Amino acid sequence: MNRHLLQEMVEKYGNMVYRLAWRWTGSREQAEDITQETFLRAFTHLDSYDRGRPPGPWLCRIALNLCRNRSRDCREIPVDSLTEEMAAPQPGPEQRYLEREREQEILRAVHRLPQMYREVILLKHVSGLSYAEISAVLDLEINLVKNRLYRGRLMLRKALQRLASDEEGKKK
Amino acid sequence: MKDCPDALTWQAVLDGEENDPALLEHLAGCPACRASYREISAAAGLAGALATEATLPPAVARRILRQAKPFPAGLVAALLFCLLAASAALLQPGGLSWWFSVGVVRMSSLILDGLLGAILLLQSLDPAMILLAALLLAGLEILVLHKLKVTEG
């Protein structure tokens, strides 16, 4: 019974957990490990899980805890690998290259944000969770989630603007 | 301006968390709010580049399902019991008779432990393992009864 439920969870939420872990760690291998560990932990604690609630936030919470632990163990995030598998097909190699460059910039900037902002941004934009779901994952009030998301986004924008002006300065 | 909703409200509108038509009406007629909305929208657009279509490799999904096995709590409990009983017998031979005379005769906890272990075994083990465990328990019971008979004369 539990195995059947686990299979359903993997099918439905596997990608979501994998994407979150991948964006967090920047490594496909680590993301696979974290995804596997997330579902195995979920399976172990399935009996204590409230089945009336959607499992997405619960799984994200487990994955996020594992990601935090990995971050503590390994401070360096290999950002260059973060875009290696971006699937969206692009019209030409040059445009594709430019878009990848841009993505890498954004990812570097995200990884330089303080963790509390980074978490909210990743849960919103990578996992696609609602405010209420993010609030459940992080155990925060919704207003705090909104605030962190707002500040995080603005910080990201400023960081990218600063980066752009630095590069322009170098060219001159 | 004084009655304008704050930036967090516009963010909620942008994220689809707020659908009040009055807000959209206000946005259409308020340049300051439109500017605020545009700023939030631009920042959110940048973060939107993080979205990815990457998919979990099927091999990983299969590995997860293969490795997902319930923890054999009953088996662990039975092994622990056997280990403790064996250690009591081996470490202090004289203590074994005490253990059986005082422990087994009086205590219902051993019986309860046995029942609990059996229930856990039934929940978490394959039929072959259950049979094996049942045989072990039966053997243990025979041994206990035999010892009791010897101890009580």
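I began with helix H5 (residues 115–125) of chain A and helix H6 (residues 131–138) of chain A; their axes come within 10 Å and cross at roughly 135 degrees. That angle makes H5(A) oblique to H6(A). I noted that the cut-off for roughly antiparallel is over 145 degrees. The model is predicted, and I read each value below as computed from it.

Next I looked up the hand. H5(A) passes H6(A) in a right-handed crossing.

Which residues meet in this pair? From H5(A) I listed Glu119(A), Val120(A), Leu123(A) and Lys124(A). From H6(A) I listed Tyr131(A), Ile134(A), Val137(A) and Leu138(A). I sorted the residues of this contact by class: six are nonpolar, none is polar and two are charged.

**Across the chains**

I then took helix H1 (residues 2–25) of chain A with helix H4 (residues 58–67) of chain B. Their axes come within 10 Å and cross at roughly 160 degrees. H1(A) is therefore roughly antiparallel to H4(B), as the class takes angles over 145 degrees. I checked the hand here too, and H1(A) passes H4(B) in a right-handed crossing.

For the contact I wrote down Arg3(A), Leu6(A), Gln7(A) and Val10(A) on the H1(A) side. Ala61(B), Ile64(B) and Leu65(B) stand on the H4(B) side. The classes come out as five nonpolar, one polar and one charged.

**Thr25(A)**

I stayed with H1 of chain A, where Thr25(A) lies. Is Thr25(A) buried or exposed? Thr25(A) is buried, because its relative accessible area is 4% and the cut-off for buried is under 20%.

The side chain reaches the backbone oxygen of Ala21(A) at 2.8 Å. A polar atom of the Thr25(A) side chain also lies 3.2 Å from the backbone nitrogen of Ser27(A). I logged both as polar contacts of Thr25(A).

**Pro114(A)**

Last, I went to the loop between helix H4 (93–112) and H5 of chain A, where Pro114(A) has its place. I looked up its accessibility. Pro114(A) counts as partly exposed, because its relative accessibility is 37%.

How many residues separate Pro114(A) from Gly152(A) in sequence? I found 38. In space, Pro114(A) and Gly152(A) are 8.6 Å apart, C-alpha to C-alpha.

Conventions:
Residues numbered from 1 in each chain as written. Chains lettered and ligands numbered in written order. Predicted model: local features only at pLDDT ≥ 70, side-chain atom pairs only at ≥ 80, totals over all residues. Heavy atoms only, no water. Axes fitted to C-alpha atoms, helices over the stretch in contact; angles between N-to-C directions. Helix = DSSP H or I, 4+ residues; strand = E, 2+ residues; numbered from the N terminus. Parallel < 35°, antiparallel > 145°, perpendicular 65-115°, else oblique. Left-handed = near helix turned anticlockwise from the far one by under 90°. Contact = heavy atoms within 4.5 Å. Nonpolar A, V, L, I, M, F, W, Y, C, P; charged D, E, K, R; others polar. Buried < 20%, exposed > 50% of the residue type's maximum accessible area, 1.4 Å probe, protein only. Polar contact = N/O pair within 3.5 Å; in protein donor to acceptor, adjacent residues only side chain to side chain.
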